[in-house]
Amino acid sequence: MSVAQAETKSAVDDIIFRSTGIGVSDLAKSTDFYTRILGMTHVQTLKLDYMDENILAYPAENFARGSRLVLMHWTDGSKRDYKNLPVKLVLQVKDAKAVVERVRAEGFEVMREAGKSKASNNTVAFVKDPDGYMIELLQPAQG
């Protein structure tokens, strides 16, 4: 390893991916979608002078500790485009078909039914949240 590679490795050794934040048009509706339908837990609410945030996570015993989804809603009157943004969230699931049916039963859009991925032997499906964010449901191949 070169000196430059060693310095770069040392500089990033303590970096942990913590969260992804997405803007939402209706904080309560989006929080309900991610908690009740997709099983996340509401961890914290932050009220700033310009936005409200709900921080969500999956239980640490089931998934990587520390990863969070931050739902952000601006309250300062600034114009925001919350719909159909080019963002994809990927959730690993045990049964993609069952999650698709849950999303459909709640009246949200299913973009692609659960089926084998063209890139791997995994099962994948695509759904949308209340603001049109694409969610890939990834069911790893058994084997």
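Residues are numbered from 1 along each chain as its sequence is written, and side-chain values use heavy atoms, with hydrogens and water left out. Because the model is predicted, local features need pLDDT of at least 70 and side-chain atom pairs count only at pLDDT 80 or more, while totals for chains, interfaces and linings use all residues.

Let's start with the sheet. Four strands form an open sheet in the order β5-β8-β7-β6, with mixed pairing. Strands here are DSSP E runs of at least two residues, helices are H or I runs of at least four, and both are numbered from the N terminus; two strands pair if DSSP finds at least two bridges between them. β5 and β6 are at the edges with a single partner strand each, so one side of each has no neighbour in the sheet. From one strand to the next, the twist averages 20°. That angle is between N-to-C directions, on a scale from 0 to 180 degrees, using lines fitted to C-alpha atoms, for helices over the stretch in contact.

β5 and β8 run parallel, paired over five bridges, and L89 sits opposite I135 in β8. α3 packs on the sheet, touching β6, β7 and β8, and its direction makes about 165° with that of β6.

Now, which residues touch the most other members of the largest nonpolar core? Among its 25 residues, they are I22, Y34, L38, L71, I135 and L137. The elements giving two or more residues to this core are α2 (27-37), β4 (68-74), β5 (88-92), α3 (96-105), β7 and β8 (134-139). A second, separate core has six residues, including M51, I55, M72 and Y82. By core I mean buried Ala, Val, Leu, Ile, Met, Phe, Trp, Tyr and Cys residues joined through side-chain atoms within 4.5 Å. Buried means under 20% relative accessible area, exposed over 50%, and partly exposed in between, with a 1.4 Å probe and protein chains only.

On to α2, whose buried residues are L27, S30, T31, F33, Y34 and I37. Beyond four places in sequence, Y34 touches I22, L71, L89 and I135, among others; contact means heavy atoms within 4.5 Å. After α2 comes G39, with a positive phi near 80°.

Last stop: N122, in the loop between β6 (110-116) and β7 (123-128). Leaving aside neighbours within four places in sequence, N122 contacts residues including G115, L138 and P140. Thanks, everyone!
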